[in-house]
Amino acid sequence: THRNAPLTPQDRYRLVTRVQAGRPIAHVAAEAGIARATGVEVGARYRQGGTEELCLLYTSDAADERSS
(Lines give C-alpha, C1' and ligand atoms only; values in the text may rest on other atoms or scores of the structure.)
Protein backbone atom coordinates (compact mmCIF):
# COMPACT_ATOMS: atom_id res chain seq x y z
CA THR A 1 0.00 0.00 0.00
CA HIS A 2 1.11 3.56 -0.47
CA ARG A 3 1.73 5.69 2.59
CA ASN A 4 -1.49 7.70 2.18
CA ALA A 5 -3.76 4.68 1.78
CA PRO A 6 -6.50 4.89 4.40
CA LEU A 7 -6.71 1.10 4.85
CA THR A 8 -4.16 -1.69 5.07
CA PRO A 9 -4.94 -5.04 3.42
CA GLN A 10 -6.01 -6.32 6.86
CA ASP A 11 -8.36 -3.36 7.30
CA ARG A 12 -9.88 -4.00 3.87
CA TYR A 13 -10.44 -7.67 4.72
CA ARG A 14 -12.04 -6.67 8.03
CA LEU A 15 -14.35 -4.32 6.12
CA VAL A 16 -15.37 -7.13 3.75
CA THR A 17 -16.05 -9.61 6.55
CA ARG A 18 -18.18 -7.12 8.47
CA VAL A 19 -20.29 -6.41 5.39
CA GLN A 20 -20.61 -10.14 4.68
CA ALA A 21 -21.82 -10.59 8.26
CA GLY A 22 -24.75 -8.31 7.45
CA ARG A 23 -23.59 -4.88 8.58
CA PRO A 24 -24.58 -2.01 6.26
CA ILE A 25 -21.68 -0.98 4.07
CA ALA A 26 -22.28 2.71 4.83
CA HIS A 27 -21.85 2.06 8.57
CA VAL A 28 -18.73 -0.05 8.14
CA ALA A 29 -17.19 2.49 5.77
CA ALA A 30 -17.92 5.36 8.18
CA GLU A 31 -16.30 3.45 11.04
CA ALA A 32 -13.24 2.87 8.85
CA GLY A 33 -13.05 6.55 7.93
CA ILE A 34 -13.62 6.01 4.22
CA ALA A 35 -16.35 6.93 1.76
CA ARG A 36 -19.16 4.47 1.10
CA ALA A 37 -18.06 4.36 -2.55
CA THR A 38 -14.59 3.25 -1.46
CA GLY A 39 -16.16 0.51 0.64
CA VAL A 40 -18.16 -0.64 -2.35
CA GLU A 41 -14.98 -0.69 -4.45
CA VAL A 42 -13.15 -2.76 -1.84
CA GLY A 43 -16.03 -5.26 -1.78
CA ALA A 44 -16.10 -5.48 -5.56
CA ARG A 45 -12.35 -6.09 -5.71
CA TYR A 46 -12.67 -8.83 -3.10
CA ARG A 47 -15.42 -10.55 -5.10
CA GLN A 48 -13.27 -10.24 -8.23
CA GLY A 49 -10.01 -11.57 -6.85
CA GLY A 50 -10.27 -12.55 -3.18
CA THR A 51 -7.70 -11.60 -0.58
CA GLU A 52 -4.94 -11.31 -3.17
CA GLU A 53 -6.82 -8.45 -4.81
CA LEU A 54 -7.16 -6.69 -1.44
CA CYS A 55 -3.37 -6.76 -1.13
CA LEU A 56 -2.94 -5.30 -4.61
CA LEU A 57 -5.50 -2.56 -4.12
CA TYR A 58 -3.87 0.88 -4.01
CA THR A 59 -0.37 -0.33 -4.72
CA SER A 60 1.67 1.14 -7.52
CA ASP A 61 1.70 -2.28 -9.18
CA ALA A 62 -2.07 -2.81 -9.03
CA ALA A 63 -2.84 -1.28 -12.42
CA ASP A 64 -0.07 -3.28 -14.08
CA GLU A 65 -1.26 -6.54 -12.45
CA ARG A 66 -4.86 -6.05 -13.58
CA SER A 67 -3.97 -5.02 -17.12
CA SER A 68 -1.78 -8.06 -17.83
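## Helix α1 against helix α3

In this predicted model, helix α1 crosses helix α3 with left-handed geometry. Helix α1 here and α3, which spans residues 36-56, pack at an angle of about 115°. Their axes lie 10 Å apart. On the α1 side, the contact is formed by P9, R12, Y13, L15, V16 and Q20. They meet G39, V42, G43, Y46, T51, L54 and C55 of α3. Sorted by class, this contact between α1 and α3 holds 8 nonpolar, 4 polar and 1 charged residues.

T17 belongs to helix α1. The C-alpha atoms of T17 and G43 are separated by 9.4 Å, although the two residues are 26 apart along the chain. T8 sits in the segment before α1.

## Helix α1 against helix α2

Helix α1 covers residues 9-20, and helix α2 covers residues 25-32. The two pack at an angle of about 150°, with 9 Å between their axes. Angles over 145 degrees count as roughly antiparallel, and α1 and α2 are therefore roughly antiparallel to each other. The crossing of α1 past α2 is right-handed. From α1, the contact uses L15, R18 and V19. From α2, it uses I25, V28, E31 and A32. These residues divide into 5 nonpolar, no polar and 2 charged.

R14 also lies in α1. R14 and A32 are 18 residues apart in sequence. In space, their C-alpha atoms are 9.6 Å apart.

## Helix α2 against helix α3

Helices α2 and α3 pack at an angle of about 105°. Their axes are 8 Å apart. That angle makes α2 roughly perpendicular to α3. I25, A26 and A29 supply the α2 side of the contact. R36, G39 and V40 supply the α3 side. The class count for this contact is 4 nonpolar, 1 polar and 1 charged residues.

P24 is placed in the loop between α1 and α2. P24 and R36 are 12 residues apart in sequence. Their C-alpha atoms are 9.9 Å apart in space.

## Residues in more than one contact

## Exposure of selected residues

Buried or exposed, or in between: where do T17, R14, P24 and T8 fall? T17 has a relative accessible area of 29%, so T17 is partly exposed. R14, at 38% relative accessibility, counts as partly exposed. P24 is partly exposed as well, at 39%. T8 has a relative accessibility of 32% and is likewise partly exposed.

## The chain as a whole

The protein chain has 4 helices and 0 strands. From the N terminus on, the order of elements is α-α-α-α. Of its 68 residues, 29% count as buried. The accessible surface of the chain comes to about 4400 Å². Carbon and sulfur atoms account for 47% of that surface.

How much of the chain's contact set with a separation of 6 or more comes from residues 24 or more positions apart? The share is 43%.

Terms used:
Residues numbered from 1 in each chain as written. Predicted model: local features only at pLDDT ≥ 70, side-chain atom pairs only at ≥ 80, totals over all residues. Heavy atoms only, no water. Buried < 20%, exposed > 50% of the residue type's maximum accessible area, 1.4 Å probe, protein only. Contact = heavy atoms within 4.5 Å. Areas by Shrake-Rupley, 256 points an atom, 1.4 Å probe, with all protein chains shown as cover. Axes fitted to C-alpha atoms, helices over the stretch in contact; angles between N-to-C directions. Parallel < 35°, antiparallel > 145°, perpendicular 65-115°, else oblique. Left-handed = near helix turned anticlockwise from the far one by under 90°. Nonpolar A, V, L, I, M, F, W, Y, C, P; charged D, E, K, R; others polar.
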